[in-house]
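Here is a briefing on one structure. Please look at the model before reading the points.

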Amino acid sequence: MAEQRRLALWLPVGLGLGIAWYFRLRCEPGVPELLAWAGIAVLGLGWIAWRPFALAPRVLGGGAATVAVGFLAAFWATHRQPPLPDLPARATIVTGRVVAVALLPADGPSVRRLDLAGAVLDDPLDSGMPPLRRILRVRLRADDPLVPVPGMMVRVRALLRPPAPPSWPGGPDRQRRAYFDGTAGSGTALGRAQTLGPVPGASSLEGLRERISARIVRVLPGAVGGVATAVLTGSAVGMAQADRDAFADAGLAHLLAVAGLHLGIVMGVSVAAARLLLACSERATLYWPCRSIAAFAGLAAGIVYVVLTGAHLPALRSLTMAALVVLAIVTGRRALSLRGLAVGAILLLLTGPADLLEAPLQMSLAAVMALAAGAEVTRPLMARLTEQPGWWRRVLHHVAHLAQASLLAGGATVPVVMAHFGTLQPWFVLANLLAVPLMALCVLPLGLLSLFLMPWGVESVALVPMGWGIGWILDLARMVSGWPAARLAVPAMPGWGLAMWVLGLCWLCLWMGRWRWWGVSLMVLGMAAPFLIVRPDLLLSPDGRTVAVRDGAVLRVGPHPGSERLVEDDWHQALALPIVPLAGSAACQDGLCLLDRGRVALRLRGAPPVRCAGLELLITLAPDDAGCPGVRRLDTLETWKNGAQAVFLHPAGPVVLSDRSWRGTRPWVLALGQHGVPVLPMAQRE
């Protein structure tokens, strides 16, 4: 009976399976498929309505219905989006309204990136075109004196480009991400931007954020001020790249990104302060609902903090979960519970199905589920720490809670980090056990106090000790990042491996009996997945200009290593191999490489002609290559049609996999040549 009560916890799992099913398709479902899924949902819900207390309808009917609803929700979310436009592959003049300004880290002065809405391309071929229905992101020049603010109309000459396709079949799909993020593409300004019309005044929020950053840096210069600015304003531009790398290598990068951890600390401190103030009044203590008032005060502080730090999507998701926690407190429910997590997950999946494929939502749900399940198991043990009086017991209780949160949340998200970032930080547990309590007990509480003291000009009273705590965290990050094997590169995890881990984690956390431990086997299989699949032996970039050959423990790239940094970084992450020049390979002579016992040839520009005898596959980067009759050929024309190519050298012969065969024809997959839907002008009325 206890297990049957937990069946509702599997509703978001069913939704997630339906969403994943939709996104794994190679082509869009037609009307018959949609009607079939709708029929499954109706029949499943009807079966439950007919026999609501029977186990079979609840398990089979409810499971089928939730999977169908997830599939239909993903389809609906996909076709609500406007298509990706066809951006010109040449310099053009862009006119649009600034909706957001972002500071990007750079070696010299900070570079500003503008998000332009309603952008119009001033080009003879695009004359009279309607405004773009998506956001266009343009990176300004470093020497541009313009100080952009939201609402400003700007005009700039820029070189535009569509979202980049995957660098290898199965690689990160930036086109899908841009499709659901509402962006059309990006661009780089070739000249200085000009303003059109009246210049609006800077928004009070932007001005407030800049004033706070200036005051922080004045008291805490250098790397310490950069961390303080990151946690209080959401901008880590002031940090040096070496310090950001140290945080990443130590497994502490999440401390720099405002998300659930920071919001939980801010709301916890606010709730404690509100309870303390209410306790100072005898009347409030006796007659007022102090617990509910403090919970609402914490939620209000969380809303202000999220808005102040830029209202980024991960923080907004965390705020949604926090609102559900407050609702549970007000209604007398348990604050951190799996049922509350299930409700929040259902809301997030139905409102943004595509977010299921991205790292932030996966990490958030896995971490909170591990925390909630761990709290259920360890609640009696934690209660023993406060059974007897003593201030040290309460301190130990809070420290134990923070340590447990670091261990559970960090362990649950390790495979997600491996899948999306290709890295593993073995020392992350130890680093988080020390850094997270410092952040929760010292850095953020003093940071909040400094914000309250800034109107009186005495913020240094709180910022100076806050800087001490940040300095300890910085020293810890630098020390741990210097340890042996601090950051290990791991091969890309296949989608089924991550799915095995998530399903095993759900099985372990959502059930109560001994059979919950069966999920550990799925989790072990998911962790081993990167080392069980076959890796490609050759890779050809999406534009057909760069090739990589797997040669033992290195990845040889040519003809010009470093010419396509984004593609090479993706290849390095996928194969976890260091990149070296192709010219040093023993199989290559004068730009001609013979592989797999002469069955595969790789010809670079200027290389001698290849002999066709015994050849099964020719990969050529030379435009004048005539090829070999009857031999399959991979060149720039093939990548123009089908995207990046991966070659597997099997004993039976080479096997070629293209990006288009992997992704299929989906709304976010651009047409041949990476062209979107033309933005045509309206027809002139006769």
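Predicted model: local features only at pLDDT ≥ 70, side-chain atom pairs only at ≥ 80, totals over all residues.

Residues are numbered from 1 along each chain as its sequence is written, and side-chain values use heavy atoms, with hydrogens and water left out.

**Salt bridges**
- The structure holds 22 salt bridges (a side-chain nitrogen of Lys or Arg within 4 Å of a carboxyl oxygen of Asp or Glu).
- One of them joins Glu459 and Arg218, at 4.0 Å from N to O. The two lie 241 residues apart, Glu459 in the loop between helix 16 and helix 17, Arg218 in helix 6. Helices here are DSSP runs of H or I with at least four residues, strands are E runs of at least two, and both are numbered from the N terminus.
- Glu459 is buried at 5% relative accessibility, whereas Arg218 is exposed at 58%. Buried means under 20% relative accessible area, exposed over 50%, partly exposed in between (1.4 Å probe, protein chains only).
- Arg597 and Asp596 also form a salt bridge, at 3.9 Å from N to O. Arg597 is exposed at 72%; Asp596 is buried at 16%. Shared partners join Asp596, Arg597, Arg599 and Glu616 into one salt-bridge network.

**Helix packing**
- Helix 2 (residues 11-23) packs on helix 4 with their axes 7 Å apart. Axes are lines fitted to C-alpha atoms, for helices over the stretch in contact.

Methods
Axes fitted to C-alpha atoms, helices over the stretch in contact; angles between N-to-C directions.
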